[in-house]
Amino acid sequence: MKLPTLLTQLLATLTFLMLTPLAQAQVVGTVARVSGLMVAKGADGRTRVLALNSPLRQGDTLTTERNTFGRLEFVDGAAIVLQPESRLVLTRYSYDAAQPQLDKVELELAQGGFSSTTGELGKRSKDATTITTPAGNLQGSASMEVSLRQP
């Protein structure tokens, strides 16, 4: 192969990679209901307004405004109802029905609160879920309500 041809192919490949979003984050759920303004800031820094059936991606930071509730449904059947004025980071959500050894959920609740119900991941991998809050970490798979109060 001649150098100009190789160089042309290399430049074409690099251009394609630069135009393709870097590792499009994995979809881990969808918005099932939203009653006001809820936004997601992706791991790529892009912000999008969420509506019914909007995809939720690993790495998203979800924020609800005043008087906004959002119901999130995840790939394993788990659900979260996010309270008004909340910020929740979907740090990691790894679920594959055929590979329970890879189960792992890591969420960070920075403000506000939520109530959740367990999905298949939580039923089969009891210690695979960690929720980080400013007050400490929660681990386990139970349905729960978590609420942070402002000082």
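This is a predicted model: local features need pLDDT of at least 70, side-chain atom pairs count only at pLDDT 80 or more; totals for chains, interfaces and linings use all residues.
Residues are numbered from 1 along each chain as its sequence is written, and side-chain values use heavy atoms, with hydrogens and water left out.

**Exercise 1. Salt bridges**

Task: Find how many salt bridges the structure holds, and describe the one between Glu120 and Lys123.

Solution. 
- Step 1: Start with the rule. A salt bridge is a side-chain nitrogen of Lys or Arg within 4 Å of a carboxyl oxygen of Asp or Glu.
- Step 2: Take the count. There are five salt bridges in the structure.
- Step 3: Take the distance. The side chains of Glu120 and Lys123 meet at 3.7 Å, N to O.
- Step 4: Place the residues. Both lie in helix 2 (residues 120-124), three residues apart, about one turn of the helix. Helices (H or I, at least four residues) and strands (E, at least two) are DSSP runs, numbered from the N terminus.
- Step 5: Check accessibility. Buried means under 20% relative accessible area, exposed over 50%, and partly exposed in between (1.4 Å probe, protein chains only). Glu120 is partly exposed at 40%, and Lys123 is exposed at 51%.

**Exercise 2. Two more bridges**

Task: State whether Arg46 is buried or exposed, and do likewise for Arg71.

Solution. 
- Step 1: Arg46 forms a salt bridge with Asp44 at 3.9 Å, N to O.
- Step 2: Arg46 is exposed, with a relative accessible area of 59%. Asp44 is exposed too, at 51%.
- Step 3: Arg71 pairs with Glu73 in a salt bridge, with the closest N and O atoms 2.9 Å apart.
- Step 4: Arg71 is partly exposed at 26%. Glu73 is partly exposed at 33%.

**Exercise 3. An aromatic pair**

Task: Describe how Phe74 and Tyr93 are arranged, and say which strands hold them.

Solution. 
- Step 1: Know the rule. Rings of Phe, Tyr and Trp (its six-membered ring) pair if their centres lie within 6.5 Å; planes under 30 degrees apart count as stacked, over 60 as edge-to-face and the rest as tilted.
- Step 2: Count. The whole structure has one aromatic pair.
- Step 3: Classify. Phe74 and Tyr93 are stacked, at 4.7 Å centre to centre with 5° between the planes.
- Step 4: Locate. Phe74 lies in strand 6 (residues 70-74) and Tyr93 in strand 8 (residues 87-94), so the pair ties together parts 19 residues apart in sequence.
- Step 5: Check burial. Phe74 is buried at 7%, and Tyr93 is buried at 5%.
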